[in-house]
Amino acid sequence: MLAGVTGAVVPVLGWALLALTVLVFLPLAGRATRALPAKVRLCRLGPRGRRRRVYVHSVASTRPGAGAELMTSLAGEADQKGWLLVLDAGNERLGTYYSRFGFARGGAVKMPDGTLRVRMWRQPQDWRGSR
Ligand SMILES: CC(C)(COP(=O)(O)OP(=O)(O)OC[C@H]1O[C@@H](n2cnc3c(N)ncnc32)[C@H](O)[C@@H]1OP(=O)(O)O)[C@@H](O)C(=O)NCCC(=O)NCCS
C-alpha cells in the first residue's frame, strides 16, 4: 500500500520540481537571450589581437581607497604577466574612473534594460615577455 502511494507521489513531485526549475530559470534565460546582441556588439568594439586577456568582471570597494588599491595592484600584476585587461564600465563616470588606471575607452553599448556598458581595455605596460 505504502509502496503504491510512494510510487504515485514521486513522479508528481519530480514533475513539480522540474516545472518549478523551469519557471525560475526561464525569465533569466529570456533576459540573457535578449542581451545577447548587445553583448556581441560590445565584444566587437574590441580589443583586437591575440594577446592573453583577463576580463575584470566586477570591482567593488569595501572602504574608500580600496578600489584604487585593488586596481593599482591588478594593473601591476597585468604588467608583470603581460595581460590585456578588459572590462565593461557600468556608466561614463565609471569609465572616467577606470581611465585613471590606464584603461582606454573602446565605445559604449546600450543594453536592453536601458543601462550603458562602456567597453574599456588596458594594454600591459613595459612588458618584455613573448607576445
Ligand atoms: C567604484 C568604486 C570601486 C571606487 O572605489 P573607492 O575605494 O570607493 O574609491 P577610490 O579611492 O578608488 O577612488 C576615489 C575616487 O573614485 C570616485 N568614485 C567613487 N565611486 C565612484 C563611482 N561609483 N563612479 C565613478 N567614480 C567613483 C570618487 O569620486 C573619487 O574621485 P576623486 O579621487 O576625484 O575624489 C567603489 O565606489 C564601488 O565599489 N562602487 C560600487 C560598485 C561599482 O559600481 N563597481 C563598478 C562596476 S563597473
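Where in H1 does a kink of about 40° lie? In this predicted model, the kink is at Leu36, shortly before the proline Pro37.

Let me stay with helix H1 for a moment. H1 comprises 43 residues, and from its first C-alpha to its last it reaches 61 Å, close to the 63 Å expected at 1.5 Å a residue. H1 is also hardly covered, for the count of buried residues among its 43 residues is zero.

H1 is followed by Gly46, which has a positive phi, near 125°. Most residues other than glycine have a negative phi, and most peptide bonds are trans. The bond that joins Gly46 and Pro47 is a cis peptide bond, with omega at about 5°. Pro47 itself belongs to the loop between helix H1 and strand E1, which covers residues 53-55.

Next, I turn to the ligand. How many residues surround the ligand? There are 14, and the closest are Ala60, Ser61, Gly67, Ala68 and Tyr97. Helix H2 (66-81) and helix H3 (92-99) are the elements that give two or more residues to this shell. By class, the shell holds eight nonpolar, five polar and one charged residues.

Finally, please find Val109 in strand E3, which spans residues 104-110. Is Val109 buried or exposed? Val109 is buried, because 20 other C-beta atoms lie within 10 Å. Leaving aside neighbours within four places in sequence, the contacts of Val109 are Ala38, Arg41, Leu42 and Arg117. As for Arg119, this residue is ten residues from Val109 in sequence and 8.0 Å from it in space, C-alpha to C-alpha.

Notes
Residues numbered from 1 in each chain as written. Predicted model: local features only at pLDDT ≥ 70, side-chain atom pairs only at ≥ 80, totals over all residues. Helix = DSSP H or I, 4+ residues; strand = E, 2+ residues; numbered from the N terminus. Buried ≥ 20, exposed ≤ 12 C-beta atoms within 10 Å, placed from the backbone. Contact = placed C-beta atoms within 7 Å. Near = placed C-beta within 6 Å. Nonpolar A, V, L, I, M, F, W, Y, C, P; charged D, E, K, R; others polar. Expected span 1.5 Å × (residues − 1). Bend = angle between axes of the 7 residues up to and from the residue.
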